[in-house]
Amino acid sequence: MFGELIALPGTVRACTAEETWGTLAGRLEEFGITRVADLTGLDCVGLPVWTAIRPASRTLATSQGKGATALLAKLSAVMEAIELWHVEQPLRVTATGTAAEVAPDCPVHALPTTASYPKQTLARMVCEWVAATGLVSRARALVPVDLVRRRSQRPPWTPDVWRATSTGLACGNTRDEAAVHALLEVVERDVLYRDAQTGGRRRTLIDPRTVDDPLGQKVIAQLAAAGMALETALVDGPYGLPVCVAYLWSEDYPVHFAGGGCHSQPGIALTRAVTEAAQSRLAAIAGTRDDLPTDVGSFDTSHFRPARTAKLTPWPEAAAPFSPAAGGFAEQVHDLARRVQNVTAHEPVALDLSAPDCPVHAVQVVCPGTRSRIRRSMPR
């Protein structure tokens, strides 16, 4: 039933894939989606990957999606396209001025910026502000609108200070479902950023042969049958949540393709990372994603040296410390926001981007004090 937690292959949602597609199928043109395409057959792996096309997009014209089934992959692509459509729409500016004047409680020094600015400079910077809601206190908050608004939509006078990214942007069947997935993405990218700062020393390499999650076993078997070399790892972070990273490489296309995943269920975190790596490979093969680099040197084409078996940890041992989340989506939002606040000392806030009469909900979660990589690549 709508609103309950429904376990699907590789994910947890508020309703079935068939129900979500039934809601969206006749309304794709409202979001500028002119067609969806199955990319799966362009590769030899066979893991479902789809793309959704928005020719009039102000950001990316193509959005890729992966999933355990063709329908889940198609929905993943469509939902990502709808996320971007929402962030392209005009935002309601509620105030203009400096942080000191209109938003003294906003931790501007902990927000992502385009360069390193002194705290005092950010506090005196005149900008436009948009209303958000604290995910722990439920209190009203203000954040710079340019954390969400893309550069092409900003007024000419606006200084290029705040860095808008897709981190924390999510769609869901309900607002809380969207917020859960947004928070998980924030945690994933912050943990991987912290790991990159240490040169990858926070990773526990996993023996893929020991994975006991049924979907994980199936995905790994498909990759092996296609001749793919696979490296997976759990990445240690301060949030108490499983974050996984995966790398794919093959002789027929000797490029390192990476993927990351985070979920309260370790098995889902693992399959998300692995299938995202497969999606990255297929996106490069298809060549339709409009932010792909044209320079071959932008790809990591170094030789793939597999980790020694002696260094690999059995998956059940690595995943043992983690327990699946309890409660529904609302309880999970509160728990995840608390975890982030305990680490960063700043409360996460959410902007409701949902258009009126939209069949799904879109949110942008902003977590001051967290970071994500700027480069597309995920160094191995």
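The protein exposes about 17,000 Å², and carbon and sulfur atoms supply 51% of that area; accessible areas come from the Shrake-Rupley method with a 1.4 Å probe, and for residues only the protein chains shown count as cover. This is a predicted model, in which local features need pLDDT of at least 70 and side-chain atom pairs count only at pLDDT 80 or more, while totals for chains, interfaces and linings use all residues. Residues are numbered from 1 along each chain as its sequence is written, and side-chain values use heavy atoms, with hydrogens and water left out.

**Overall build**

- The protein has nine helices and 16 strands; helices (H or I, at least four residues) and strands (E, at least two) are DSSP runs, numbered from the N terminus.
- Its radius of gyration is 20 Å, close to the 21 Å that the globule rule gives for 380 residues, so the protein is as compact as a globular protein of that length. The radius is taken over C-alpha atoms, and the rule is 2.2 Å times the number of residues to the power 0.38.
- Along the principal axes, the C-alpha atoms fill a box of roughly 60 × 45 × 45 Å.
- Of the 380 residues, 52% count as buried (under 20% relative accessible area; exposed is over 50%, partly exposed in between, with a 1.4 Å probe and protein chains only).
- Among contacts (heavy atoms within 4.5 Å) with a separation of 6 or more, 65% are between residues 24 or more positions apart.

**Helix 5**

- Helix 5 (residues 175-197) has 23 residues and should span 33 Å at 1.5 Å a residue, which agrees with the 33 Å between its end C-alpha atoms. The expected span is 1.5 Å times one less than the number of residues.
- Gly199, which follows helix 5, has a positive phi near 75°.

- Gln341 lies in helix 9 (residues 329-344).
- Leaving aside neighbours within four places in sequence, Gln341 is in contact with Val136, His346, Glu347 and Pro348.
- Gln341 and Gly369 are 28 residues apart in sequence, with their C-alpha atoms 9.1 Å apart in space.
- Ala345 sits in the loop between helix 9 and strand 15 (349-352). Ala345 is exposed, at 62% relative accessible area.

- Most residues other than glycine have a negative phi.
- Ala345 has a positive phi of about 70°.
- Arg138, in the loop between strand 7 (127-134) and strand 8 (140-144), has a positive phi near 65°. Arg138 counts as exposed, at 56% relative accessibility.
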